[in-house]
Amino acid sequence: MSNENPLIEINHLKKYYSVSNGIFTNKKASLKAVDDVSLTVWKKHSLGIVGESGCGKSTMGKTILRLIEPSGGSVVFGGKELFHVEEKRFMDQKQLRSLRKEMAMVFQDPYSSLNPHMTIGDAVKAGVLRHKIVPREEVVEYCIEMLCACGLEKEAYASYPNEFSGGQRQRAVIARALALRPRFVVCDEPTAALDVSIQSQVLNMMLDMQEQMEFTYLFISHNLQVTRAFCDEIAVMYLGKIVEKGKADEVYYHSIHPYTKALIASLPVSEPGRKKGERKIINSIPSMMDVPQGCRFHTRCPYADEKCRTEEPELRQIEDGHAAACHRA
Amino acid sequence: MGKILEVNHLTVEFQTVQGIASAVRDLSFDINEGEIIGIVGESGSGKSVTSLAVMGLLDENTARIPNGEILFRGKDLLKLSEKELCKLRGAEITMVFQEPAMALNPVMRVEKQLQEVYRIHARSRAKNCRGELTALLEELRVPDAGQVLKKYPFELSGGMKQRIMIAMAMLSKPQLMIADEPTTALDVTTQAEILELIKMMQKETGCAVILITHDLGVIAEMADRVLVMYRGQLVEQREIGEFYRGARHPYSKDLLRSRPEGFDRRFWSIPGTIPNAYTPLTGCGYCGRCRQAEERCQDTPPQLTIFPDGSQVRCHKCRGGMENEQ
């Protein structure tokens with residue numbers, strides 16, 4: 001993949017929140033939602049971010065787009081630097097706003113991401129008008145075309161979100177994002193609220209659109225099975241850090257990190273009685289407020305030893321293009 | 001093994017501004033003591049309404065049950081007075097809801113909410129039940145159970161809240177527990193834990209469980225028998241192993257195929273969507289999306305065929321106990 005161009009380069013991205021320790025103290029604890037993440041997203045490829053809730057994957061998606069102000073690191077988008085916190089370089093708002101049309105976002109919950117007082121058509125139209133995607137007189141036609149491409153009926157244009165089911169709403173949300181003809185789309189659990197059969201329809205539609213319009217996706221999900229089929233590459237995140245990354249099939253079928261293995265073993269079996277890998281993961285995810293010392297997974301890892309408790313493993317190449325942060329790898 | 005619950009010809013309708021919505025149509029099924037049955041179907045197929053009907057939790061102002069009976073140990077729940085129903089509900093029949101955050105009272109400490117069940121149904125003094133509550137939570141692998149009891153629901157994670165819900169449902173040692181999408185709002189890792197716990201509690205107490213979900217993986221892991229619902233009708237009912245080896249109804253086959261595993265870059269999907277509940281049902285409910293639909297499927301409603309092994313299928317193409325080929 002190295003002969004292709006990166007669309008997005010994320011270097012040492014950090015997002016810390018300061019959290020008050022109580023009302024009688026000035027002491028602030030810091031919550032490291034995204035802690036030193038470096039990733040590259042290649043043009044026309046899809047990168048999947050997988051992890052449990054509370055591991056910082058959504059925060060990361062939003063920080064990359066600068067919907068949340070970063071605390072550290074830099075992001076370069078198509079050769080233009082969005083920000084470089086350490087060197088205090090931030091793209092000014094005007095430039096950023098014109099770049100917004102190249103970066104779209106599909107949110108998780110199709111119920112709360114559509115304005116109930118706006119027709120679907122108006123929701124899609126707003127962005128198209130703002131960024132002058134097509135001449136004014138063609139806007140309505142273009143929006144209807146986008147809705148149809150996303151598998152909705154023409155009538156959807158004049159309908160309100162409450163007339164739609166979850167799957168249809170999510171299609172509308174995707175149509176709204178894709179209507180800007182972005183180059184980069186962050187999809188934050190786009191199918192988590194949907195039924196299995198509707199999920200495959202929506203994912204297929206997103207893949208079709210990717211082929212037609214050459215999008216690059218950042219696909220955030222907690223389901224490794226879906227992510228493997230949808231993405232070219234996968235990065236597994238745990239408590240704000242990437243613990244494993246590599247080609248989708250490699251990460252899924254030849255996972256290295258015990259956390260990735262545990263995630264796979266947690267997936268429901270495909271047939272009754274089929275043996276699955278023993279789910280050795282213990283406890284639940286620790287709070288972001290007190291990330292364990294050493295390897296952050298050691299509190300739940302069945303293989304943890306003394307070294308894991310004291311020394312934090314680096315994310316290092318194990319095989320070509322497959323990296324993991326584990327002492328045992 | 002005795003039948004604990006028998007649902008016969010249950011029909012549920014909702015009277016709304018837009019007309020009459022048929023949510024459940026002529027549904028019959030039963031569940032044996034200590035059995036886990038799974039009800040699968042898309043949203044809008046009537047699974048949740050069925051469970052609410054069993055619990056007697058349907059909104060009386062809009063919902064109507066024009067016919068059918070729900071026999072719990074031979075007693076028709078639909079004929080019981082509210083007072084009699086209250087004695088059963090939460091004691092002998094309990095429920096775990098999909099969204100634990102919505103089901104727990106946000107302004108009450110966990111302990112108080114659990115005590116309430118104790119006070120009302122276990123007929124014991126609430127004051128001296130702390131030990132038992134702690135023991136139950138510990139059994140449900142809640143770390144630091146004593147502390148958790150003192151917390152409010154918002155202080156707990158989704159998985160922890162769902163454990164509290166299960167504790168609440170198990171506290172009165174019920175004979176039937178209905179779990180309506182108990183893990184849909186949870187992560188895969190937490191889902192695996194919660195399913196394990198439900199199974200463990202079920203084994204221990206021997207209660208029957210109705211597990212409602214749209215995830216066939218969850219069913220495969222948990223259930224003894226599966227019911228597939230579509231548009232409020234039962235379309236297939238089968239023993240779990242048989243179902244995964246060779247489902248008969250085209251809808252079941254399509255559902256099985258739309259599981260995400262084993263695909264690359266494209267997923268198998270069922271075309272179209274489930275028609276809404278106002279659409280009148282003529283012929284087979286699935287014919288609009290079925291790949292094998294024929295002319296007769298459009299206008300003749302298929303009957304439920306019962307096979308010698310007790311399984312049931314509602315499809316024109318598998319009548320008379322004959323397997324239809326792929």
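Which residue of β2(A) stands opposite A:Ile8? In the predicted model described here, the residue opposite A:Ile8 is A:Val41 in β2(A).

Local features in this predicted model need pLDDT of at least 70, side-chain atom pairs count only at pLDDT 80 or more, and totals for chains, interfaces and linings use all residues. Residues are numbered from 1 along each chain as its sequence is written, while chains are lettered from A and ligands numbered from 1 in the order in which they are written.

Chain A holds ten helices and 13 strands. Helices (H or I, at least four residues) and strands (E, at least two) are DSSP runs, numbered from the N terminus. The radius of gyration of chain A is 21 Å, close to the 20 Å that the globule rule gives for 329 residues, so chain A is as compact as a globular protein of that length. This radius is taken over C-alpha atoms, and the globule rule is 2.2 Å times the number of residues to the power 0.38. The C-alpha trace of chain A spans about 70 × 55 × 50 Å along its principal axes. Of its 329 residues, 46% count as buried. A residue is buried if 20 or more other C-beta atoms lie within 10 Å of its own, exposed if 12 or fewer, and partly exposed in between, with C-beta atoms placed from the backbone. Among the contacts in chain A with a separation of 6 or more, 62% link residues 24 or more positions apart. Two residues are in contact if their C-beta atoms, placed from the backbone, lie within 7 Å.

An open sheet of five strands is present in chain A, in the order β2-β1-β4-β5-β6, with antiparallel pairing. Strands pair if DSSP finds at least two bridges between them. β2 (28–42) and β6 (89–90) of chain A stand at the edges, each with a single partner strand, so one side of each is left without a neighbour in the sheet. Helix α1 (residues 57–64) of chain A packs on the sheet and touches β1 (6–20), β2 and β4 (72–77) of chain A. The direction of α1(A) makes about 120° with that of β1(A). Axes are lines fitted to C-alpha atoms, for helices over the stretch in contact, and angles run from 0 to 180 degrees between N-to-C directions.

Eleven bridges join β1(A) to β2(A). Five bridges join β1(A) to β4(A). Strand β5 (residues 80–84) of chain A is joined to β6(A) by two bridges. There, A:His84 stands opposite A:Arg89 in β6(A).

Six of the eight residues of α1(A) are buried, so this helix is largely enclosed by the rest of the structure. The buried residues are A:Lys57, A:Ser58, A:Met60, A:Gly61, A:Thr63 and A:Ile64. Just after α1(A), A:Arg66 takes a positive phi of about 60°.

Two further sites in chain A were examined. A:Lys125 is found in helix α3 (residues 120–130) of chain A. A:Lys125 counts as buried, with 20 C-beta neighbours inside 10 Å. Apart from residues up to four places away in sequence, A:Lys125 touches A:Val139 and A:Cys143. A:Asp109 is found in the loop between β7 (103–106) and α3 of chain A. With 15 other C-beta atoms within 10 Å, A:Asp109 is partly exposed. A:Asp109 and A:Thr191 are 82 residues apart along the chain, and their C-alpha atoms are separated by 8.6 Å.

Chain B has an open sheet of four strands in the order β2-β1-β4-β5, again with antiparallel pairing. Its edge strands are β2 (19–32) and β5 (75–76) of chain B, each pairing on one side only. Seven bridges link strand β1 (residues 3–16) of chain B to strand β4 (residues 63–72) of chain B. B:Val7 stands opposite B:Ile70 in β4(B). Helix α1 (residues 47–55) of chain B lies across β1, β2 and β4 of chain B, at about 70° to β2(B).

Between the chains, 32 residues of chain A are in contact with 34 residues of chain B. On the side of chain A that touches chain B, α6(A) gives the largest share, seven residues.
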